[in-house]
Amino acid sequence: MKPSTNRMLTRIKAVYMFIRKNGTVTTQELVDEFGITPRTIQRDLNVLAYNDLVHSPSRGRWATTSKKVKMSS
């Protein structure tokens, strides 16, 4: 796997864990927490949403779904 792909997957996992730990969060909170652009966060959230791991209960807010996730390193 390319280093850039590995970094992206690590970041997406961290975003998921942050949302899971904090409950419902805003896109801006994620931007502030991870220090990346809103566009990058949106791409990460799209990947998580496509895989049914997060949903947006209202515009700009994100929460995890009840889908079971097995975490590995």
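This is a predicted model: local features need pLDDT of at least 70, side-chain atom pairs count only at pLDDT 80 or more; totals for chains, interfaces and linings use all residues.
1. Packing of α2 against α3. Helix α2 spans residues 27–34, and α3 covers 38–50. The crossing of α2 past α3 is right-handed.

2. Residues between α2 and α3. On the α2 side, the contact is formed by Thr27, Leu30, Val31 and Phe34. Their partners in α3 are Pro38, Ile41 and Leu45. By class, this contact holds six nonpolar residues and one polar residue, with no charged residues.

3. Packing of α1 against α3. Helix α1 runs over residues 3–22. The angle between α1 and α3 is about 80 degrees, and their axes are 10 Å apart. This pair is therefore also classed as roughly perpendicular.

4. Residues between α1 and α3. From α1, the residues in contact are Arg11, Ile12, Val15, Tyr16 and Ile19. From α3, they are Thr40, Ile41, Asp44, Leu45, Val47 and Leu48. The contact comprises eight nonpolar, one polar and two charged residues. Ile41 and Leu45 of α3 meet α1 and also meet α2.

5. Packing of α1 against α2. Here the angle is about 125 degrees, with the axes 11 Å apart. α1 passes α2 in a right-handed crossing. Ala14, Val15, Phe18 and Ile19 of α1 make this contact with Leu30, Glu33 and Phe34 of α2. Its residues divide into six nonpolar and one charged, with no polar residue. Val15 and Ile19 of α1 take part here and in the contact with α3; Leu30 and Phe34 of α2 likewise take part here and in the contact with α3.

6. The largest pocket. Its volume is about 380 Å³. The lining has 16 residues, and those closest to the pocket centre are Leu9, Thr10, Ile12, Lys13 and Ser72. α1 gives the most to the lining, with six residues. Both α1 and α3 supply at least two lining residues each. By class, the lining has nine nonpolar, five polar and two charged residues. Ile12 is among the residues closest to the pocket centre, and Ile12 also belongs to the contact of α1 with α3.

How values were computed:
Residues are numbered from 1 along each chain as its sequence is written. Side-chain values use heavy atoms; hydrogens and water are left out. On a 1 Å grid over the protein atoms alone, a cavity is a set of points where a 1.4 Å probe fits but cannot get out, and a pocket is an open set with protein on both sides within 12 Å along at least five of seven lines; lining residues have an atom within 4 Å of a point. Grid points are joined across faces, edges and corners, and a volume is the space filled by probe spheres set on the points. Helices (H or I, at least four residues) and strands (E, at least two) are DSSP runs, numbered from the N terminus. Ala, Val, Leu, Ile, Met, Phe, Trp, Tyr, Cys and Pro count as nonpolar, Asp, Glu, Lys and Arg as charged, and the others, Gly among them, as polar. Axes are lines fitted to C-alpha atoms, for helices over the stretch in contact, and angles run from 0 to 180 degrees between N-to-C directions. A crossing is left-handed if the near helix is turned anticlockwise from the far one by less than a right angle, and right-handed if clockwise. Contact means heavy atoms within 4.5 Å. Angles under 35 degrees count as roughly parallel, over 145 as roughly antiparallel, 65 to 115 as roughly perpendicular and the rest as oblique.
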